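Q: Please take a close look at a single part of this structure, the interface between its chains. What does each side contribute, and how are the copies arranged around it?

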Protein chains: 2
Amino acid sequence: MSGAKIVSEWKSFGGRQLVVEHASEACGVPMRFSLYLPPGVTRPPVLTFLSGLTCTWENVTTKAGFQRWAAEAGLAVVAPDTSPRGQGVPDAEGRWDLGVGAGFYVNATHEPWARHYQMDRYVTDELPQVLAGFDLDLERQGLMGHSMGGHGALVFGLRHPERYRSVSAFSPIVAPTQVPWGQQAFSAYLGDDRAAWSRYDATELVRQRPRRDITLLVDQGSQDGFLDEQLRPELFEQACRQAGQPLRLDMRDGYDHSYYFIASFMEDHVAHHARALCG
Amino acid sequence: MSGAKIVSEWKSFGGRQLVVEHASEACGVPMRFSLYLPPGVTRPPVLTFLSGLTCTWENVTTKAGFQRWAAEAGLAVVAPDTSPRGQGVPDAEGRWDLGVGAGFYVNATHEPWARHYQMDRYVTDELPQVLAGFDLDLERQGLMGHSMGGHGALVFGLRHPERYRSVSAFSPIVAPTQVPWGQQAFSAYLGDDRAAWSRYDATELVRQRPRRDITLLVDQGSQDGFLDEQLRPELFEQACRQAGQPLRLDMRDGYDHSYYFIASFMEDHVAHHARALCG
C-alpha cells in the first residue's frame, strides 16, 4: 500500500468506512482519503467522489449518505481531498476559492503552486496505485463529483474513457474557462497558457472528444446561488448536443448547492454507476 | 410562533429542512432547533430527536440521513440543542460532559446552572408550544435520541405517556445515577437530592411506571467505547424485564458510538415511529 495506513475506521451499513493516509509523491505531502468498503463483496468496483471548494474527504463521507446505496449495490466509494494541505503547502491568504481546499484538479505549472498542486496526477494516477493495495477491482471505476469536483469528474471522465466507465456530477462547474472561479484558478495554477486551460474545461473537451459510449448524468438545483455566474450548465448542454454526447441533465426545482441537495439524489447517482460497474 | 424565525432553509428529499431560532423563556437565551417538514403532508406527526454530548441541532440533521425516511413516512423531525449556549450561560471550563452541550435534559436546581439549564422544561413544554406555530399534529409525537439524548428520550417517554406515543434510542445512557457521566452531571445540576436524580434515571423510572402500551426500541453498538462504563444497557434490560416493560434491545455487532452507527439504523427507527404515529 505504498506506506498507506488506516487512520480511522467505522462500521457503516454493514461495511467498513475507512480514512487512509499515505505519502503522496504527486503532492509532496501526506494525503488523506476516505474509502468505503461494502459488505460481502470481494473486489468491488470503485466509485470516486471528487469534492467541491473547501471540502476534504469528510464532507461527502459524513453528509451525503452514499454508504446505504453503495452497500446495497456492492460498490466501494473513494473520496480524496480537494488539494494538498499542511506544512509547506502554499495558500492564498483569506481566499477559499484558490489554494488549500481549491486545487481544481489540475497539474499546476506556475509558482508558487507547481510543487504541490498536482491534483490531476494525484487523482488519476497516484490514487489508483494506492488503492491497488486494497481488495478492489480497478478495472471497473466510475467518477462522481460536486461543483469543482463535478468539473473534475467530467474532465477526467472525458479524458480517460478507458479508465472510467461511468461519470456523474452534482452542480458541476462545466465551463471553468468562461466563469470567474475557473478563470481565477486557472490563471494562478496554469498562467496564461490557454491550451492548458482548454484541457481542463469539460465544455471544450466534450467538443473534441465526446464519449458516445456513455450517458453523462448531471443534477443541478434550480435555486443554486452559483448557477448563473459559476455553473452555467446550459453551456455544457449545448456542447453535448452539438458533439453528440449523451447527457441526462436534470434540473431539480427548489434545490440549492448544499449536501442536502446531494443527499437527496445520491441514490439515483449510485444506481447510475452501479448499472455501469456492477452486473 | 412566539417570535420564532426561520434562520436557514434547504430543500431536502422534496421537503423543507429548516433551522428555527426563538427566544426561550425556560433557558433565558435564544435557542435554535432544526425542523424537517416532509413533502405533501398536512399536519404531519412530530418525531423529536434528542442529541448527545457536545451536539447541536446540526449533527443529526447533517449526518443521520433521517430526511429520506421521514419524507417517505410523512413525519416531521425536530432536533433541539443539547443545552442553552451563548452570552451569560455558565459553562464548565475545559469539559465537554458538563455545561454547554451537556444539559442532560434536566431542570437544574443548583447554581450556577439553575437560571439557564432547564432542558426538561424546554423540551417537554416550551418546544411544543413553539412548534404549535407550524403546521404539525402535536397530538401525535414520538421521541428518539442518542447517548445523553437517548437518556432524555427514555426518561421523557416514560414520564409523559400521554404525550409521546413512541420512543427509541441509540446507545442511550440508561442508568445515569449509576455511571460517571450521569453522576457528575446530576451532582452539578441537582446537588445531592437523590429523589431528583431518580426522576431522571430511565432504569429507576421504568420500575415505577413502565409503559406497557408500547415497545421501547434501543440499538446499541457492540464496539461502542462507552458501553461498559457509561451506557450499560443490561441494567435497563433487567429493569424492563422485571417491570414488564416491552423492550427491543438490538446489540449491533461491530458498531461504535458514532453517527455512522446512527445512520445505519435510522431507517429502522423511523419505521418504528411511523408505525405508531402515521396511519
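A: Buried area is the accessible area, taken with a 1.4 Å probe, that two parts lose on being put together, summed over both. By that definition, about 1,900 Å² is buried between chain A and chain B, and carbon and sulfur atoms give 53% of it. On the side of chain A, K11(A), F13(A) and Y260(A) lose the most area to chain B, together 38% of what that side buries.

This is a predicted model, in which local features need pLDDT of at least 70 and side-chain atom pairs count only at pLDDT 80 or more, whereas totals for chains, interfaces and linings use all residues. Residues are numbered from 1 along each chain as its sequence is written, chains are lettered from A and ligands numbered from 1 in the order in which they are written, and side-chain values use heavy atoms, with hydrogens and water left out.

The arrangement of the copies comes next. The same surface serves both copies, as 100% of the contact residues of chain A recur in chain B. Contact here means heavy atoms within 4.5 Å, and 24 residues from chain A meet 24 residues from chain B.

Specific pairings also cross the interface. There are two salt bridges between chain A and chain B, a salt bridge being a side-chain nitrogen of Lys or Arg within 4 Å of a carboxyl oxygen of Asp or Glu. One of the salt bridges joins R68(B) to E267(A), with the closest N and O atoms 2.7 Å apart.

The side of chain A that touches chain B receives two or more residues from each of β1 (5-12), α1 (57-63), α2 (66-73) and α10 (259-277) of chain A. Such elements are DSSP runs numbered from the N terminus, helices being H or I of at least four residues and strands E of at least two. The largest share of that side, five residues, comes from α10(A).
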